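Work through the exercises below with the sequence and the model at hand. Each task is followed by a stepwise solution.

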Amino acid sequence: MIEIRHLKTLLALRETGSLVEAAERLFLTQSALSHQLKELESRLDCELFVRKSRPLRFTEAGKRLLQLADDVLAKVSEAERDLQKLLHGEAGRLYMAIECHSCFNWLMPTVDVYRNQWPAIELDFSGGFMFEPLPALAQGEVDLVITSDPQPIKGVEYVALFSYEMQIAIANHHPLQAKRFLQPEDLADQTVITYPVERSRLDIFKYFLDPAGVAPAGVRTSELTLMMVQLVASGRGVCALPNWVLAEYVDKALISVRSAGEHGVWPTLYAAVREEQLAAPFVQDFLKLAKAHCLKNLSGVKQVV
């Protein structure tokens, strides 16, 4: 009566809060998702959520099925991992490097869960602002790179994790507060605070300023995200970071944010791996876990369809 696909649908509804976003996550049309839910409610002879509620609210019956989904899907995933380990063995190496320097926020909790599921996999990190991760990946020095700047390198595949909005952080008292969104020329007289990496690898230059032929009045660097935010809050400049990074500082009223352009700039974050390792079960499981964790826990990110 109740199928795995029904449970996955209910979890997607809970995590996204809307039929439209749940349909996107499950790669279904909205009408197909609605039909599936109506079919399930007809089988069970009860409603599972309150129509037209914002945010979406589940009925008591819906909440009970969500409990079932949490239990059953966790066991299904565990069984799938166990089968892969039996078929392919548990040993392997996963050395990671990060080009997205604010990604430690979500990567470390993902790694903690992954260690418990694949205890025999050798995990390590390589990094540093002067380190070039993608060439190191191609040469076999690392096995996985988190990047928003995919480069055409022979033997390297890119798996989309999620898309995010690059937002521009400004001080709460900044004159740009008067604008609903920012245009490149709004930053012509501003100091832009960035990580100490090449401009070509920074979203604000690659997607916003350089295409418009605009240069900021100055550039200041900082290796720490928190320091960047503190500099912005004290009126020392502006910075551009992913929406999910800035969300906690906005919630604390430390800074304000604006979109870059009327429709915003939405880069995609990728996991880069070598072709010969992409199909390895322990790599696939890490990618699956990373996607699920980010879509569930990071504010404002979207699944790449």
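For the first exercise, Ala, Val, Leu, Ile, Met, Phe, Trp, Tyr, Cys and Pro count as nonpolar, Asp, Glu, Lys and Arg as charged, and the others, Gly among them, as polar. The model is predicted.

**Exercise 1.** Describe the lining of the largest pocket by class and by element.

Solution.
1. The space in this pocket is about 1400 Å³.
2. Its lining consists of 39 residues, and those nearest the centre are Ser77, Lys288, Leu289, Lys291 and Ala292.
3. Sorted by class, the lining holds 20 nonpolar, 11 charged and eight polar residues.
4. At least two lining residues come from each of α1 (4–16), α4 (60–88), α5 (104–117), β6 (156–163) and α11 (281–297).
5. Helix α11 gives the largest share, with 12 residues.

**Exercise 2.** Compare the span of α1 with the expected one, then list its buried residues.

Solution.
1. Over its 13 residues, α1 reaches 18 Å from first to last C-alpha, close to the 18 Å expected at 1.5 Å a residue.
2. Buried in α1 are His6, Leu7, Thr9, Leu10, Leu11, Ala12, Leu13 and Thr16.
3. After α1 comes Gly17, with a positive phi near 80 degrees.

**Exercise 3.** Is Ser256 buried or exposed, and which side chains does Ser256 join by polar contacts?

Solution.
1. Ser256 belongs to strand β12 (residues 256–260).
2. Ser256 counts as buried because its relative accessibility is 13%, and the cut-off is under 20%.
3. The Ser256 side chain has a polar contact of 2.8 Å with that of Asn172 and another of 2.6 Å with that of Gln177.
4. Beyond neighbours within four places in sequence, the contacts of Ser256 are Ile168, Ala169, Ile170, Asn172 and Gln177.

Technical notes: Residues are numbered from 1 along each chain as its sequence is written. This is a predicted model: local features need pLDDT of at least 70, side-chain atom pairs count only at pLDDT 80 or more; totals for chains, interfaces and linings use all residues. Side-chain values use heavy atoms; hydrogens and water are left out. On a 1 Å grid over the protein atoms alone, a cavity is a set of points where a 1.4 Å probe fits but cannot get out, and a pocket is an open set with protein on both sides within 12 Å along at least five of seven lines; lining residues have an atom within 4 Å of a point. Grid points are joined across faces, edges and corners, and a volume is the space filled by probe spheres set on the points. Helices (H or I, at least four residues) and strands (E, at least two) are DSSP runs, numbered from the N terminus. The expected span of a helix is 1.5 Å times one less than its number of residues. Buried means under 20% relative accessible area, exposed over 50%, partly exposed in between (1.4 Å probe, protein chains only). A polar contact is a pair of N or O atoms within 3.5 Å; within protein, one must be able to donate a hydrogen and the other to accept it, and residues adjacent in sequence count only if both atoms are side-chain atoms. Contact means heavy atoms within 4.5 Å.
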